[in-house]
Amino acid sequence: MIKHYCNISQILSLKKAHEKDGRNLLPEDLSIIENASLVFNDDEILWTGRTADLPAEYLKEERVDLTGHCLTPEIVDSHTHLIFGGDRALEYSMRLNGADYEEIAKAGGGILNSMTGTNSMEKHELLSIGRERIERLASYGVGTIEIKSGYGLNFDKEYEVTQIINELKAEFKGRVQILNTYMAAHAIPKSFESSDQYLSEVVIPLLEKLATENIVDAVDIFHEEGYFNTEDVKKLFSKCKQLQIPFKSHADEFNDNKGAKLAANEGALSTDHLLQTTSDGISALASSDTVATLLPGTGYFLGKPQANARNFLDAGVKVSIASDYNPGSCHWDNVLQIAAITAPNLKFNQTEIWSAITLNAAHALGLKSQGAIIPGLAPRFSVFKVPTVHHITYHWGRNFFISI
Ligand SMILES: [Zn+2]
């Protein structure tokens with residue numbers, strides 16, 4: 001069925017940004033259309049432009065008048081860990097009160113705390129928590145959400161969480177697009193002697209099983225000192241290539257272990273965090289299709305330094321921003337709000353910030369048919385009740401998204 005939205009105050013189309021593959025973006029690459037119309041069917045955008053220029057063939061279609069509203073490409077959150085049991089509120093307060101990592105670990109904090117919290121919950125409870133959190137993200141205008149497993153950290157629970165994400169994906173189909181990322185390689189449970197032992201006995205055997213069920217969209221690994229090393233990452237990536245499943249990594253967060261460079265050279269969809277990435281990693285990313293996903297919410301939440309975004313942007317890297325929503329290091333689930341706060345602090349221009357949560361975030365998930373409002377692309381967009389697109393990121397902390 002063909003739909004026609006007319007009298008839209010502004011469409012932020014990102015036409016030019018799309019032509020430039022999300023790199024080296026200038027303010028005018030927002031490609032705003034004033035007093036606009038949008039014509040689309042279930043599969044693709046058919047026409048967009050000024051309402052006054054609407055081709056006669058679409059005049060007969062039923063119209064929805066969107067006076068006083070603006071459209072942007074759909075908001076995408078390309079990095080979340082939203083299936084977890086329990087919370088880490090006490091740990092957060094302890095940190096504010098001066099506790100260090102060891103004291104928090106002694107008090108039962110840290111990722112292994114979330115592992116216990118997740119393992120103590122039944123499948124139906126985790127499903128219900130997941131459903132509630134997805135609804136909340138959707139209420140901000142986020143239409144595509146990537147969800148990682150990674151708090152089960154044993155064969156059976158990681159399997160169950162991947163199935164939970166798959167069930168939520170089916171349940172939300174048509175409303176919220178969910179991508180299922182398998183991340184059993186999130187941390188190493190204490191019962192294993194080495195990262196290699198855990199990888200060989202749990203992560204890879206379960207991946208092989210999941211591959212036969214065809215429910216995993218991508219595989220992720222925590223490539224950091226004290227977690228998984230370069231050899232582990234290469235081993236997992238090579239298994240992914242064999243199984244033809246896309247892969248990505250958490251890299252260069254604590255130190256520059258050349259994680260971004262490895263991810264770019266291996267053809268990862270994205271590599272995320274990148275606080276410590278140096279020039280060789282940045283140039284490897286610039287000459288690859290791998291998206292650099294920055295997670296500034298984590299820096300704000302932990303009170304730590306941020307990635308040097310301009311180094312990536314100026315080198316021609318495709319940069320995305322995601323929430324990293326998780327119980328420990330970023331209990332903040334609103335990627336649009338995070339982007340608004342990031343723009344002046346990490347020196348993004350408006351096109352860079354919008355591309356980071358739409359076009360480039362979609363590319364970070366391998367979704368090349370969305371991210372801009374141009375004919376031929378999928379009809380995925382977010383609608384906001386604001387007079388101009390500039391108001392969306394100007395009003396910090398307010399939500400203008402409407403569901404139509
Ligand atoms: Zn993460």
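Predicted model: local features only at pLDDT ≥ 70, side-chain atom pairs only at ≥ 80, totals over all residues.
## Overall fold

The protein contains 16 helices and 15 strands. Its radius of gyration is 21 Å, close to the 22 Å given by the globule rule for 404 residues, so the protein is as compact as a globular protein of that length. The C-alpha trace spans about 70 × 45 × 45 Å along its principal axes.

Of the 404 residues, 50% are buried. Among contacts between residues at least 6 apart in sequence, 69% join residues at least 24 apart.

## Helix α6

Just after α6, Gly174 has a positive phi of about 95 degrees.

The buried residues of this helix are Glu158, Glu160, Val161, Thr162, Ile164, Ile165 and Leu168. Their cover includes the helices α5 (123–139) and α7 (195–213), together with β7 (142–148) and β8 (177–185).

## Helix α7

A kink of about 25 degrees lies at Val203, shortly before Pro205. Asn214, just after the helix, takes a positive phi of about 60 degrees.

Buried positions in α7 are Ser195, Tyr198, Leu199, Val202, Val203, Leu206, Leu207 and Leu210. An α-helix has 3.6 residues a turn, so residues three or four places apart point the same way. The cover over the buried residues of α7 includes α6, β8, β9 (218–223) and α8 (230–243).

Methods. Residues numbered from 1 in each chain as written. Buried ≥ 20, exposed ≤ 12 C-beta atoms within 10 Å, placed from the backbone. Helix = DSSP H or I, 4+ residues; strand = E, 2+ residues; numbered from the N terminus. Contact = placed C-beta atoms within 7 Å. Bend = angle between axes of the 7 residues up to and from the residue. Rg over C-alpha atoms; globule rule 2.2 N^0.38 Å.
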